[in-house]
Structures are given as structure tokens and as C-alpha cells.
Amino acid sequence: MSAPLVLAGHDLVERALLAATVSDTVVLVADVSESSLRWAGNSMTTNGIADSRAWTVVSIVRDGETTRVGTVSSTSADPDDVVAVVRAAEDAARTAPPASDALPLIAGEQPEAGWGDVAARSGIEVFESIVPGLARGFDGADALYGFARHTVRTLWLGTSTGVRRRTVEPTGSFEINGKRGGLLDGASAWVGTHTRDFVGLDVDGMLAELSRRLDWSARRVELPAGRYEIILPPSAVADLMIDLMWSMDGRGAQDGRTALSAPGGGTRVGERLGSLGLTLYSDPAEPGLEYAPFVVAEASSDSVSVFDNGADAERVEWIEDGVISALAYPRSAAAEFGTRPTVPGDNLVMTGGTGSTLDEMVARTERGLVLTTLWYIREVDPTTMLLTGLTRDGVYLVEDGRITAEVNNFRFNESPLDLLRRATEAGATVPTLPREWSDWFTRAAMPPLRVPDFHMSSVSAAR
């Protein structure tokens with residue numbers, strides 16, 4: 001028996017819409033092509049290419065004043081399964097509770113340019129430019145571990161109201177962890193970056209920075225828990241600000257459930273955060289950090305609605321010149337609270353700093369710590385946005401403008417909102433890779449940030 005024919009993404013959308021029998025239907029198809037390299041102990045261990053498809057049918061049943069929504073997802077590549085998935089979504093809709101965010105779907109008139117194109121693909125050749133640099137690194141004395149990953153997602157979105165949108169989202173990450181003096185008791189440092197295509201990636205420069213950080217570990221100092229002046233590099237700033245953006249939904253703030261809720265009711269929109277005048281924004285057209293310029297929602301939440309699928313996604317300034325200026329609202333919530341719809345972003349950029357490099361900020365520090373990366377970040381209290389987490393792969397002591405030693409790791413307790421209120425300096429904005437959230441969020445550009453009293457709640461035994 002021959003293998004079943006695999007439908008092109010746009011054909012799958014059209015077949016599913018043709019099979020629909022309910023009031024409205026949304027179909028999302030995502031083809032993902034991923035290439036990867038991994039290495040350990042200065043040797044390549046694995047490489048490969050993987051292609052996958054995931055698709056979702058959102059069925060909407062309207063009966064008088066009541067609207068119900070059912071969603072079913074599938075990874076099947078068999079065209080004969082299309083009708084069964086559509087029927088399952090329709091059955092789920094008929095028994096679902098009423099949708100509180102019900103609105104007419106976005107209307108469309110004609111397919112977007114490229115609608116009928118095939119899926120874009122990644123390939124091992126994308127790594128050709130970084131292999132020579134890695135080979136030079138493998139010849140060094142430090143043990144190198146890490147991976148390079150490149151993903152290309154082609155997304156088709158179609159609705160029964162005529163929307164036909166397609167986008168291609170390439171994204172990549174490159175991370176190197178260096179060990180010196182043994183895996184268990186030696187020094188460890190990390191560098192990483194985001195890239196769309198690996199072109200022009202400065203591997204030699206990243207390896208030099210890794211070696212420099214390992215050199216800083218030649219002397220080790222034990223410090224107690226407490227409050228320290230710290231400098232957060234862009235990667236660590238990104239991890240904390242992503243948590244902030246994920247918490248900026250308007251309904252949660254209006255309902256008094258989040259740190260963006262104002263005392264006595266309403267939200268903190270309009271409140272000033274500190275004196276630095278920083279701007280935090282998401283923009284689907286940000287050069288090098290582009291993402292889908294339209295709403296893609298498989299399910300409704302406080303931040304997005306399935307009824308908004310296909311609506312334009314635009315630049316959102318979450319914080320403008322130091323003032324909270326926007327929260328995420330789907331159309332239904334925006335109408336309820338008398339504000340404009342705002343779509344959560346898939347990139348995050350902070351600007352407004354002095355233009356100083358991290359090294360220049362260190363040179364102006366009498367005594368403090370540099371926290372190179374953070375990990376295991378978890379929310380403790382949503383009403384204050386208090387986070388806890390651990391430092392990792394390099395905490396360094398600054399004395400009289402120089403890094404003089406490696407310091408033990410800590411657990412920290414901090415709120416991104418409070419950090420922005422207390423920060424005293426931000427440097428130059430540069431593209432960066434979040435360490436903690438890179439499996440879900442790679443597109444970021446951040447400055448280094450100085451905070452005078454960062455709370456290290458306890459010492460961590462992690463090495």
C-alpha cells in the first residue's frame with residue numbers, strides 16, 4: 001500500500017473549511033522544519049533534521065444569543081483524517097460552555113500573497129558558517145558543550161469568513177557552555193545568542209568571551225545571602241522582562257488578580273516605573289526579530305481570543321519612556337473595558353539606556369556582582385509579580401571597577417516591576433538569547449541593567 005498523500009498546508013486549510021458544517025470555522029496549520037547540532041566534550045555528538053506538522057480546527061456554533069467553541073488539534077498527515085478532526089471539533093463545540101469572548105470573526109476578502117506556496121525548510125547547511133569556529137574551539141583546552149538549533153515555521157490560517165494568511169518564521173539559537181577544571185568542581189560559563197540564519201555569527205568572539213569568563217573564575221570567593229548591587233547582562237534582563245510581558249494581560253489586571261492591578265480598582269497603566277525612562281515593546285516588524293504579523297490563537301485566554309484569529313498584530317509599547325502604557329486585550333475585553341485591542345508579542349525589545357557596554361558599567365562599579373545567567377525562574381506571587389530563581393554559570397565579584405573573582409550561586413527573590421522601579425542604569429540594547437525561556441521565546445534585544453539592591457534570598461549549592 002502506498003503512503004497517504006500529504007496535503008500542502010493551504011490545501012489542508014481549504015479541505016477542512018469545506019468539510020465544516022457549523023456557523024464558523026478557523027483552521028490553523030503549522031509546518032515546522034528544524035535542524036540541530038549538538039556537541040559535548042569538544043566533539044560533535046548529534047546532528048539532524050526533523051519536519052513536523054500540527055494543525056488545529058476551531059469550530060464555532062452560534063445558536064441565538066449563545067456561542068460555543070470547540071477545538072481539536074492533530075498531527076495526522078493523512079488527508080482521510082480531515083473530516084474526522086473537523087467533526088470532532090464540531091461535536092466539542094456543541095457541548096462546550098458558552099464563550100464569554102464571542103464576537104464575529106475577522107473578515108477577509110482574498111488570500112494573502114504567498115498563500116499557495118509550499119512550506120519553507122531548514123537544513124544542516126545553515127550551520128556551515130559556524131563549523132570552522134567551533135572546530136577551532138574544540139582544539140582549545142576548555143571543554144565545550146552546547147547546541148545550535150534552527151527552526152523554520154510556516155503557518156497558514158484560514159477562516160470561514162474569508163481570511164487567508166500565511167507567514168514564515170525562521171528563528172535560531174546558538175549556545176556554548178564551557179568547563180574548565182572538571183565537570184563537578186571546575187569553573188563553568190555560558191554564552192548564547194539568537195539568530196535568524198546564522199549568517200555573520202561571530203563564533204570566535206563568543207569563544208573569546210567564554211574564555212574570559214572562565215579566566216574570571218581562577219579565584220573564588222564565598223559570599224552570604226543579602227542585597228547586592230548587581231549588573232544583569234542582556235540575557236538575564238530578557239528572562240525577567242519576558243516574565244513581565246507574559247503577566248501583562250488586561251483582564252487579570254482589571255479583576256485585581258495581578259501586579260498590574262491598581263489599588264482600589266483599575267490598572268497601573270499610566271504609572272511611572274523609576275527614573276530611567278526605558279521603553280519596552282513588541283513589534284512583528286522589528287528587524288532581525290520578526291514574527292507573525294497577525295493573531296494566531298488555538299484557544300482563548302485573558303490575552304488572546306479565537307475570534308480574533310487573522311487580525312493584524314502591530315507594535316505595542318508595553319512601557320513607554322518609563323510609564324506603563326499598554327496591557328494585552330483581545331477585542332471582546334477591549335470593548336468591555338473601553339480600550340483598544342492589543343496583541344501579545346512574540347519578541348521583546350527594551351530601549352532608552354545610556355549606550356554603555358557591560359564592561360563600561362563594570363568599570364564604574366565600586367563593589368557589586370555580575371549575574372551572567374538565570375534559570376529555574378518561577379512565579380511566587382502574581383499579585384506582586386514576585387519571581388524566584390537561581391543564578392547559573394557565572395556570578396562574578398566586581399571590586400574597584402574590575403572583576404576579581406567568581407562567587408557562589410544564589411537563589412533570588414525579585415519582581416521585574418520592582419527592578420524597573422529601582423534600576424539606576426541601563427546600557428546599550430543588543431540582540432540576546434534568553435537562557436531560561438529560549439525553548440519558547442528566542443527573539444529579544446535588551447540592555448544590561450544595574451540594580452543597587454538585588455535580593456539574594458539564600459546561597460545555592462549548585463555549581
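Helix H3 (131–138) lies across strands S1, S2, S4 and S5, and its direction runs at about 130° to that of S2. Such angles run from 0 to 180 degrees between N-to-C directions, with axes that are lines fitted to C-alpha atoms, for helices over the stretch in contact. Helices (H or I, at least four residues) and strands (E, at least two) are DSSP runs, numbered from the N terminus. The structure is a predicted model, in which local features need pLDDT of at least 70 and side-chain atom pairs count only at pLDDT 80 or more, while totals for chains, interfaces and linings use all residues. Residues are numbered from 1 along each chain as its sequence is written, and side-chain values use heavy atoms, with hydrogens and water left out.

**The sheet and its helices**

- An open sheet is formed by 6 strands in the order S3-S2-S1-S4-S5-S6, with antiparallel pairing, where two strands pair if DSSP finds at least two bridges between them.
- Strand S3 (66–74) and strand S6 (187–195) each have a single partner strand, so one side of each is left without a neighbour in the sheet.
- On average, and with direction ignored, neighbouring strands of this sheet are turned by 15° against each other.
- Helix H1 (residues 9–19) also packs on the sheet, where it touches S1, S2, S4 and S5, and its direction makes about 150° with that of S1; contact here means heavy atoms within 4.5 Å.

**Strand pairs and turns**

- Strand S1 (residues 24–40) and strand S2 (residues 43–63) run antiparallel and are joined by 17 bridges; in this pair, Asp31 has Arg53 in S2 as its bridge partner.
- Strands S4 and S5 pair in the antiparallel sense over 16 bridges, and Tyr145 has Asn177 in S5 as its bridge partner.
- The hairpin of S4 and S5 has 4 residues between the strands, and Gly162 in this hairpin takes a positive phi near 100°.
- Strands S5 and S6 pair in the antiparallel sense over 9 bridges, with Arg180 standing opposite Ala187 in S6.
- The hairpin of S5 and S6 has 6 residues between the strands, and Gly181 in its turn has a positive phi of about 90°.

**Burial and the nonpolar cores**

- Strand S5 is mostly covered, since 15 of its 17 residues are buried; buried means under 20% relative accessible area, exposed over 50%, and partly exposed in between (1.4 Å probe, protein chains only).
- In helix H4, the buried residues include Val203, Met206, Leu207 and Trp216.
- The 14 residues of H4 should span 20 Å at 1.5 Å a residue, and this agrees with its end C-alpha atoms, which are 20 Å apart; the expected span is 1.5 Å times one less than the number of residues.
- The largest nonpolar core has 57 residues, and those with the most contacts inside it are Ile230, Met241, Leu244, Leu348, Leu369, Leu371 and Met456; such a core is a set of buried Ala, Val, Leu, Ile, Met, Phe, Trp, Tyr and Cys residues joined through side-chain atoms within 4.5 Å.
- Helix H5 (residues 234–246) gives the largest share of this core, with 8 residues.
- Another core, of 30 residues, lies apart from it, and among its members are Leu37, Ile231, Leu358 and Met361.

**Salt bridges**

- The count comes to 40 salt bridges, each being a side-chain nitrogen of Lys or Arg within 4 Å of a carboxyl oxygen of Asp or Glu.
- The side chains of Asp142 and Arg180 meet in a salt bridge with an N to O distance of 2.8 Å, and this pair links distant parts of the chain, 38 residues apart, with Asp142 in the loop between H3 and strand S4 (143–159) and Arg180 in S5.
- Asp142 counts as buried at 15% relative accessibility, whereas Arg180 counts as partly exposed at 28%.
- Asp312 forms a salt bridge with Arg165, with the closest N and O atoms 2.7 Å apart; the two residues are 147 residues apart, Asp312 in the loop between strand S9 (279–282) and strand S10 (316–320) and Arg165 in S5.
- Arg165 is buried, with a relative accessible area of 13%.
- Arg212 forms a salt bridge with Asp359, with the closest N and O atoms 3.0 Å apart; because Arg212 lies in helix H4 (residues 203–216) and Asp359 in helix H8 (residues 358–363), the pair ties together parts that are 147 residues apart in sequence.
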